[in-house]
Amino acid sequence: MKFIKIVFTVVIILLVVALIYPNTEVKSVTNGEIIKISNNDTAGWSWHQRPLAVHYKGEKDKTYIGTITNTGDVQITSYNHESKEMKKNTLDTFDGAQGGGDDHSSPALLIRNSDKRIIVFWTGHSSKTIYYAISKEPEDISLFGATREISNPTGDYSYVQPIELTAENKIYL
């Protein structure tokens, strides 16, 4: 668990540096390779959402990063540490009425323990709805199922933070 916290902290630090200096390559502390963390110069996120990035070693060795663009695109990027390949997928675009385009809408990530599929959660600024999508394949961001909603007419959601408790077979937000 301590190792996961260290990796998470390193990824967040690298992401912050990449966002401050978007055209600068950042050195990965995990194995010394040079990578540019984000291939989107308008990517943003808020430190309130967790996790923003996940380094996962399963069938593949990948880092997944969730961001929101200044135009409201909810995106997930994956970086394969073995092939050096970076992929990006846009899951949704918020308009002004949904509260998109600001850091409140940045996605949080979870790799589900049972099947290693990636779940991306996002919501607008003070929204009544949390949106989420589940990858069709484990450890792969290229195709997601339909966007689903968790709504509460009296709710006021921001800053999604998914936590999976495997003993209970539940995900809490």
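Read along the sequence, the protein chain follows the pattern α-β-β-β-β-β-β-β-β-β-β-β-β, that is, 1 helix and 12 strands, where helices (H or I, at least four residues) and strands (E, at least two) are DSSP runs numbered from the N terminus. The model is a predicted one, in which local features need pLDDT of at least 70 and side-chain atom pairs count only at pLDDT 80 or more, while totals for chains, interfaces and linings use all residues. Residues are numbered from 1 along each chain as its sequence is written, and side-chain values use heavy atoms, with hydrogens and water left out.

Begin by colouring the chain by pLDDT, the predictor's confidence in each residue from 0 to 100; the average is 76, and 65% of the residues score at least 70. Then select residues 19–35, where the pLDDT is below 50, although this stretch has 32 contacts in the model beyond near neighbours in sequence, a contact being heavy atoms within 4.5 Å. Where pLDDT is low, the predicted coordinates should not be read in detail.

Next, select residues 53–57 and 61–68, which are strands β3 and β4, paired in the antiparallel sense over 5 bridges; two strands count as paired if DSSP finds at least two bridges between them. A hairpin through 3 residues joins β3 to β4, and within this pair His55 stands opposite Thr63 of β4.

Move on to the open sheet of 4 strands, ordered β7-β8-β9-β10 with antiparallel pairing. Because β7 (108–111) and β10 (148–151) stand at the edges with a single partner strand each, one side of each is left without a neighbour in the sheet. Between β7 and β8 (residues 118–123) there are 4 bridges, and Leu110 has Ile119 as its bridge partner in β8.

Now show the side chains of Tyr64, Ile76, Ile118, Val120, Trp122 and Phe144, which touch the most other members of the largest nonpolar core, a group of 17 residues. Such a core is a set of buried Ala, Val, Leu, Ile, Met, Phe, Trp, Tyr and Cys residues joined through side-chain atoms within 4.5 Å, with buried meaning under 20% relative accessible area for a 1.4 Å probe, protein chains only. β8 gives the most to this core, with 3 residues. Centre the view on Ile118, whose contacts, leaving aside neighbours within four places in sequence, include Tyr64, Ile76, Leu110, Ala133 and Phe144. Finally, select Phe121, Ile130, Tyr132 and Val160, which are among the 7 residues of a second, separate core.

How values were computed:
Buried means under 20% relative accessible area, exposed over 50%, partly exposed in between (1.4 Å probe, protein chains only).
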